[in-house]
Amino acid sequence: MNPEPPIPGRRTLAWASILVPLALGFVLSLLLAQQALDANDRHRSAARGMARDQAQFAAYLLASTVDRHMQQALLFGFYPVDLALGGGGESLPSPGVLRTDPELSRCEADVPAPQRHFFRYLPGSGAVEVLGPHRGDWEEWVRGTLEGEDLARAAFRHFQSEVAGRDALVVIRAFRDGEVVYGFETCWRVADGNVFEVAKTETQAFSPAAVGATPNDSLFSMAVRYPAGRLAHGDDWTRPENGLYGGGDFYGTVSLEPRDAYGGAELRVTLLPRVAERLVEGGMPPSRIPLALGLVLVNGLLMWIAVSQLRRGHELVSLRERFIRNVSHELRTPLQQILLFTELLRSGGTRGAVEERKALDIVHG
């Protein structure tokens with residue numbers, strides 16, 4: 001009647017056979033969640049890279065358009081010198097030939113005609129002739145800037161500098177293999193407006209299939225900055241108040257080429273918020289971190305419920321075992337007495353009817 005007591009080793013083995021698979025399943029869910037997050041991160045990284053590539057290509061297209069317009073505008077600006085030297089004349093024309101009506105009117109909104117400066121520089125002798133209200137300052141600037149420069153092959157060269165108390169854009173061109181250099185104060189304008197805004201308006205920066213007929217102003221912002229920090233157009237992306245990279249993570253930066261011609265000026269295109277999703281096929285993939293964490297938490301909750309139920313079942317089994325042991329203990333002594341007197345009656349070991357009657361009362365009672 002005595003139940004076999006539980007063996008600790010068996011109980012441990014039983015628990016291990018249940019908990020180990022559950023733990024392995026939970027670890028597997030963590031690994032699967034990590035793999036899903038890694039795949040999602042790679043997908044998002046690739047999509048973000050595609051958006052940045054689109055911005056970079058847009059910046060390249062805009063820079064090409066800016067250069068084309070500026071080359072055309074400056075070609076006409078130096079046309080009088082080309083005409084004078086192309087006729088075979090030995091004398092060098094005065095810088096006054098550059099003061100044409102089209103050139104003066106082109107930058108009237110930025111630099112009024114009476115304030116414009118035009119100059120001629122002879123690298124061999126260092127002689128400078130300047131036309132304009134601040135001749136002395138400009139002569140000093142021309143000598144200090146162009147002395148020692150390799151000007152023999154310079155078609156156009158831009159400079160951005162403080163001259164005569166104001167920020168000025170200066171363009172030069174060398175003639176006769178650098179024997180003489182002509183230059184003048186100019187601006188980022190073409191016949192129909194600011195060259196950057198013109199380029200931004202007329203350039204098809206992105207595929208129509210992605211952006212439709214949306215104007216560029218609603219797709220990106222544009223800024224042009226010189227290496228020294230001077231801003232030629234737009235918002236300076238290096239200022240903290242303009243946010244990360246001018247307000248967005250998706251941007252492209254290119255140098256206006258030829259780099260020497262534009263003084264190292266850089267053009268940056270920054271996509272406006274939510275534009276990147278339109279440029280990536282299928283949209284920017286959403287983050288899967290909340291979903292993955294939610295699945296891991298649900299798996300952990302189910303594991304906790306399973307362990308709680310197993311523990312409850314183990315407690316019920318232990319309670320049953322204690323009950324059986326207690327019942328067995330309580331019944332052991334009476335049963336032994338019953339067996340003893342039953343055996344006594346069977347063997348006729350009683351002495352008389354009184355003892356027999358007493359033994360029967362004990363067995364019955």
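Tutor: Buried means under 20% relative accessible area, exposed means over 50%, and partly exposed lies in between, with a 1.4 Å probe and protein chains only. Y262 is buried, as its relative accessible area is 1%. W188 is also buried, at 8%. F196 is buried too, with 0%.

The model is predicted: local features need pLDDT of at least 70, side-chain atom pairs count only at pLDDT 80 or more, and totals for chains, interfaces and linings use all residues. Residues are numbered from 1 along each chain as its sequence is written, and side-chain values use heavy atoms, leaving out hydrogens and water.

Now the pairing. Rings of Phe, Tyr and Trp (its six-membered ring) pair if their centres lie within 6.5 Å; planes under 30 degrees apart are stacked, over 60 edge-to-face, and the rest tilted. The structure holds 12 aromatic pairs. In one of them, the centres of W188 and F196 are 4.9 Å apart and the planes meet at 45°, so this pair is tilted. W188 also pairs with Y262, and that pair is stacked: 6.0 Å between centres, 15° between planes. This second pair links distant parts of the chain, 74 residues apart. W188 sits in the loop between β5 (180–186) and β6 (189–190). Y262 sits in the loop between β10 (251–255) and β11 (266–271). Strands here are DSSP runs (E, at least two residues), numbered from the N terminus.

How values were computed
Helix = DSSP H or I, 4+ residues; strand = E, 2+ residues; numbered from the N terminus.
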